Amino acid sequence: LKEHFGVKHLFFTGNGTIALQIAIKALGLTKEIITTPFSYVATTTSILWENCKPVFVDIDKNTFCINPDLIEAKITPSTEAILATHVYGIPCNIEKIEAIAKKHGLKVIYDAAHAFGTVYKGKPLASYGDISTLSFHATKLFHTIEGGSIITNDDNLARTILLYRSFGHFGYDYFT
């Protein structure tokens with residue numbers, strides 16, 4: 001799958017919810033995360049379970065993805081990230097989301113559970129953002145009955161994800 005998505009790091013998880021939780025934890029998020037209410041409940045509960053506060057932004061009526069034109073109005077000094085869901089294989093407005101994130105120093109997580117195989121501007125959609133997550137639940141386009149993954153191109157972030165996913169085990173002889 002790393003080769004398929006053209007990414008440096010891909011980690012399998014037990015499900016897509018755990019992928020989102022590890023993504024939030026690995027990015028060190030502890031406050032507000034802007035997201036959309038138009039997603040499976042796991043998107044919001046993963047934010048809550050990591051003791052962060054979801055801040056909802058409505059969707060674009062044409063794409064059903066988070067409306068980037070409404071994001072900046074919801075940013076506060078406590079905002080740390082944007083967790084945007086690609087809906088029905090339709091990409092979020094990546095350019096606007098990432099420009100907003102850069103302008104305000106925010107991290108970007110894409111919930112790409114319904115976008116497996118979607119290509120955007122010649123690149124797999126799952127290769128965008130600080131982290132993209134996937135679900136392989138039986139209700140998804142590509143499934144293994146259950147499971148998920150976390151995708152990143154950041155080497156330092158990948159090490160953190162690896163350690164969270166493996167309970168601090170690094171190989172057979174080293175534990176952090």
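Helices here are DSSP runs of H or I with at least four residues, strands are runs of E with at least two, and both are numbered from the N terminus. The model you are looking at is predicted, so local features need pLDDT of at least 70 and side-chain atom pairs count only at pLDDT 80 or more, while totals for chains, interfaces and linings use all residues. Residues are numbered from 1 along each chain as its sequence is written, and side-chain values use heavy atoms, with hydrogens and water left out.

Let us start with helix α3, residues 41–49. Ala 42, Thr 43, Thr 44, Thr 45, Ser 46 and Ile 47 are buried there, where buried means under 20% relative accessible area, exposed means over 50%, and partly exposed lies in between (1.4 Å probe, protein chains only). The cover over these buried residues includes α2 (16–26), β2 (32–35), β3 (53–56), β4 (79–85) and β5 (107–111), with contact meaning heavy atoms within 4.5 Å.

After α3 comes Asn 51, with a positive phi near 60°. Most residues other than glycine have a negative phi. Asn 51 sits in the loop between α3 and β3 and counts as exposed, at 67% relative accessibility. Lys 121 also has a positive phi, about 50°, although it is not a glycine; its place is the loop between β6 and β7 (123–124).

Next, follow the chain to helix α4, residues 94–104, where Ile 94, Ile 97, Ile 100 and Ala 101 are buried. Seen down the axis of α4, these buried residues fall within an arc of 140°, so they line one face of the helix; the arc is that of the directions from the helix axis to the C-beta atoms. Lys 102 and Lys 103, on the other side of α4, are exposed. The buried residues of α4 pack against β4, β5 and β6 (119–120).

Finally, look at the aromatic rings. Rings of Phe, Tyr and Trp (its six-membered ring) pair if their centres lie within 6.5 Å; planes under 30 degrees apart count as stacked, over 60 as edge-to-face and the rest as tilted. By this rule there are four aromatic pairs. In one of them, Phe 38 and Tyr 88 have ring centres 6.4 Å apart and planes at 75°, so the pair is edge-to-face. This pair links distant parts of the chain, 50 residues apart. Tyr 88 is exposed, with a relative accessible area of 56%. The rings of Phe 64 and Tyr 88 are also edge-to-face, because their centres are 6.1 Å apart and their planes at 80°. Phe 38, Phe 64 and Tyr 88 form one aromatic cluster.
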